[in-house]
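Okay, everyone, thanks for coming. Let me put the thing up on the screen, and then we'll go through the salt bridges.

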Amino acid sequence: MNNAIDISSDSDLDDIDWFSNKRKQLTKIRQKNEERFEELKAKAKQIRTFSNRRLEITEKRKAKRLVKKALRDPFVKELVDKELNSGERSKNTKEEEEWKSVKPFLNVNSHLQGPVSHGEWGPKNEVESLIDKALQEADFEKAEFLSDTLANKQFAGKICKAFAAKRQNEKLEEQKASEMSQKKKKIRWTFETKKKDGK
């Protein structure tokens, strides 16, 4: 019976050794995984900062392109030059009349956005998220620059769409006028009753 106890105690010791070895291996694997995870976190942070920098650069380029595109239109260029050169406006000028004719077309596609205004609860684009991040980091110059870039981009897009809508409207009116002039007038024949001689 003593032999049976010795054998079971040896097997118990072997089991304990096996479990302790297994636990050591698992802790080593866990430590390696944690180190690898920290390395990956650092890499992801580097990638994010690099991509944010690249995004800022592309947003600047897009904004410059949109402003250049808007300034290709001579009327917009004249308006911008006039705003920069002189702060006074004369009320009865040709430019103001043209501006008034363009104003109704500024929000020409607003009906396509849907009946609900998402406002601050809507999904944010990348520039808006960069502005929020800059504000959280207390980098106000960067946030102001990004905000100006976003505003310029949106305004340039609105102006381009407004002028395109105005041109399209004028084109449609010209087509309607030419169709009306080409249309032949139909002559309406009327028959009058004959007058009988009353005897």
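So, a salt bridge here is a side-chain nitrogen of Lys or Arg within 4 Å of a carboxyl oxygen of Asp or Glu. Bear in mind that this is a predicted model: local features need pLDDT of at least 70, side-chain atom pairs count only at pLDDT 80 or more, and totals for chains, interfaces and linings use all residues. Residues are numbered from 1 along each chain as its sequence is written, and side-chain values use heavy atoms, with hydrogens and water left out.

The structure has four salt bridges. Take E170 and K166, whose side chains meet at 3.9 Å, N to O. They sit four residues apart in helix α5, so about one helical turn separates them. Helices, by the way, are DSSP runs of H or I, at least four residues, numbered from the N terminus. K166 is buried at 16% relative accessible area, while E170 is partly exposed at 38%. Buried means under 20%, exposed over 50%, partly exposed in between, with a 1.4 Å probe and protein chains only.

Next, E39 and R36: that salt bridge is 3.6 Å, N to O. This pair is three residues apart in helix α1, residues 2-72, again about one helical turn.

Now, which parts does the K142 and E56 pair tie together? Their closest N and O atoms are 2.9 Å apart. K142 is in helix α5 and E56 in helix α1, so this pair links parts 86 residues apart in sequence. E56 is buried, at 15%.

Last one: T149, also in helix α5, residues 140-182. At 9% relative accessibility, T149 is buried. Leaving aside neighbours within four places in sequence, T149 is in contact (heavy atoms within 4.5 Å) with E59 and A63.

Methods: Helices (H or I, at least four residues) and strands (E, at least two) are DSSP runs, numbered from the N terminus.
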